[in-house]
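I opened my notebook to look through this one and jot down what I found. Here are my entries, in the order I looked things up.

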Amino acid sequence: MALSPPPLLLLLLLLLPPLLMALLAWAATPLEPVPVPTLIPADPPLPTQSPDALFAAGAEAYARGDWPTVVLQMERALRARAAVRSRLVRCRLRCANATAGPAEGTEPQPDPVLRDLWFFRVLLRRAACLRNCGPAAPSRYRLGEELDREFGRRSPYNYLQVAYFKMNRPAQAAAAAHTFFMANPGHQEMRQNLEYYQAMVGVREDDFTDLEVKPHLSEFRLGVRFYTEEQPAAAILHLEKALEEYFVADTECRALCEGPYDYEGYNYLEYNADLFQAITDHSMQVLSCKQGCVTELASQPGQEKPLEDFLPSHFNYLQFAYYNNGNYEKAIECAKTYLLFFPHDEVMNQNLAYYTAVLGENLARPIQPREEIQVYHQRSLMEKELLFFSYDVFGIPFVDPDTWTPEEVIPKRLREKQKVERETAARISEEIGNLMKEIETLVEEKAKESADMSKFIREGGPLVYEGASVTMNSKALNGSQRVVVDGLLSAEECRELQRLTNAAASAGDGYRGKTSPHTPSETFYGVTVLKALKLGQEGKVPLHSAYLYYNVTDKVRHMMESYFRLEVPLHFSYSHLVCRTAIDEKQEGRSDNSHEVHVDNCILNAEALVCVKEPPAYTFRDYSAILYLNGDFEGGAFYFTELDAKTETAEVQPQCGRAVGFSSGSENPHGVKAVTKGQRCAIALWFTLDPRHSERERVQADDLVKMLFSMEEGDLEPEMEKESPAAIVVGKDEL
């Protein structure tokens, strides 16, 4: 009796390409040297600097008004990102081709007993080839999620349009502004800039070009335009070119889906799927991403909804354009191709019948739908079948991006659910679009009324921790949403955290390794909560010190929530234990600050007395705090100013256990005076009210603490002080 594979293995086999059997038979041959993907002349060279480093350099140049450097670094960043993506795509495709097997039916079927080993043999060869796809240090070229979104929003062009304008290059400024605006049509300031550029001498209409336009969309729009203008020959030319570019973009999009597994929705420390379930999870994630390319390629910058039935619509236009051009063979080919997707379309079937009658049945019958579309259609149906199967059996969600999917591909019990999900997704998308417009309006109103906001804000709630007391409130600090609290740490705790910093901190941590990111007269060392916990886990620093660091940051968060009477919880945006040390030989004649005056969630323009809330500022930050570990140094005072960055409104001298808390907006510009002797150590904390911007490292730190400490150890946090009339009265700020 023949052995049959287990159910999960059956699914695994379904995941393989249509040529599975021949491929596995080929894999049974002795191992050969692993193919190394060789570069071809069309491959762009890897950039000498990573895209994120170039973007950061451009943003820094923007802050200091160095416009030529802004242009240089932002354009390099755009080219670097394109080069990295292009090389990765080409290499993945070459590895797929290099490890492909012979054609179906040319080799005998493999013995079922060896099937698993042969399957993994093919995977190993593919994986070995893929190792050569990246640079020597691939992490250099992995953009963070937030920065990748900035490229997606075309933020570099926002910087470029200002820099070009400042350099008196209006044509390039117009192109950069137009490119940014195409992806951000609700950006009112950019709309005004474009109107200004249109009125400038020397700027032509064709200067307003989308520098990031997708070739397949550009050609499609041209084809449709000529179609509506009844120019069938020109329409055919551009629509056929659009199809050619579409499949280039589709291939690139699908190759980029083959990345690492995204643990979103799982606690990665507790993820314990077995071999076949793990393969299934990752494979379905990749297949779902590849199906998502349908939406990606049909999406237009600035438009909320993608073009519906985008690929099939090409053939709808083409069949009629070829008919108007007198080419009935091509009209029939395109009509039959369209009917692959919508076989019951009444109008198209009528058109096909007409073309067939004109050309003649004998000549029309042999004409088949386009071969590449037949392959695309078959591949897409197989992917959908697998995704719906995994949805039905394993509960792995999948929302079909196409309207043409035959009902028989979808399991019966999922059909109604899929319909509801599609309608829900469309409604949510519309609601999000409306909500974003409302948020933009509210942000504008908030910026105009920020000077009067303080009278609506209540502060002065209990500090919730025994021994903590308010030293200065907003009134004493001559501002709003400000507080100085003492007694949050004991002297021994301060010393312990200082020792942790000196043992665990890295030079320039958080600033791309720059040892003096804010001033050349001081060195800068820092360590995050997660890094400290990992070092403690490895025994490189005392674990209880790392745990103290973790608990202290949570203590400050609770104190901020209570004192400022927040109705929603704060989420960590970033936490950093840092020390600034004066360089003795660089103090003579020093005139700069340890950290110049700035605002935590917007770009301060002191000359114009405004703070612009847009990237590269961390616009999602709502509250900030600094907890000091020592005061045995010279200089290093924290101070608040007016928006002019010059008029000082309050100064705070650091000391052990003292915290400064404040809202992160334009009402609180602040800086740090020069540390002229010794070492100044503190924990810097930024918080957000928006859980979507919660720091991922903090979530991982929470998971690590749960794993490392028992419930008894977890109960070592300081007890919160019960509210009493005295606690409520202390430090209350009457606004």
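**Entry 1: two helices side by side**

I began with a helix pair and listed who meets whom: Thr337, Leu340 and Phe341 in H14 meet Ile373, Gln374, Tyr376 and His377 in H17. I sorted the residues of this contact of H14 with H17 and got four nonpolar, three polar and no charged. A reminder to myself: this is a predicted model.

Next I checked the geometry. Helix H14 covers residues 328-341 and helix H17 covers residues 371-394; their axes come within 10 Å and cross at roughly 0°. Angles under 35 degrees count as roughly parallel, and H14 and H17 are therefore roughly parallel to each other.

I stayed with phenylalanine 341 and asked what it is in contact with, leaving aside neighbours within four places in sequence. I noted Leu311, Pro312, Ile373, Tyr376, His377 and Trp404.

Phe341 turned up again when I looked at the largest nonpolar core, which has 51 residues. Phe315, Leu318, Ile332 and Phe341 touch the most other members there. H14 gives the most, with eight residues.

I also found a second, separate core of 46 residues; Val470, Phe564, Leu577 and Leu685 are among them.

**Entry 2: a serine in a helix**

Is serine 545 buried or exposed? I looked it up: serine 545 is buried, because its relative accessible area is 3%, and the cut-off for buried is under 20%. This serine lies in helix H21, residues 543-563. Not counting residues up to four places away in sequence, serine 545 touches Glu496, Leu497 and Leu500.

**Entry 3: a four-stranded sheet**

Last, I traced a sheet. Four strands form an open sheet, ordered E6-E14-E11-E12, with antiparallel pairing. At the edges I found strand E6 (595-598) and strand E12 (648-652), each of which pairs on one side only. On average, neighbouring strands of this sheet are turned by 15° against each other, direction ignored.

I zoomed in on one pairing: E6 and strand E14 (residues 670-672) pair in the antiparallel sense over two bridges. Which residue in E14 is the bridge partner of histidine 595? I wrote down valine 672.

Conventions:
Residues numbered from 1 in each chain as written. Predicted model: local features only at pLDDT ≥ 70, side-chain atom pairs only at ≥ 80, totals over all residues. Heavy atoms only, no water. Axes fitted to C-alpha atoms, helices over the stretch in contact; angles between N-to-C directions. Parallel < 35°, antiparallel > 145°, perpendicular 65-115°, else oblique. Contact = heavy atoms within 4.5 Å. Nonpolar A, V, L, I, M, F, W, Y, C, P; charged D, E, K, R; others polar. Pairing = 2+ DSSP bridges. Core = buried A, V, L, I, M, F, W, Y, C linked by side-chain atoms within 4.5 Å. Buried < 20%, exposed > 50% of the residue type's maximum accessible area, 1.4 Å probe, protein only.
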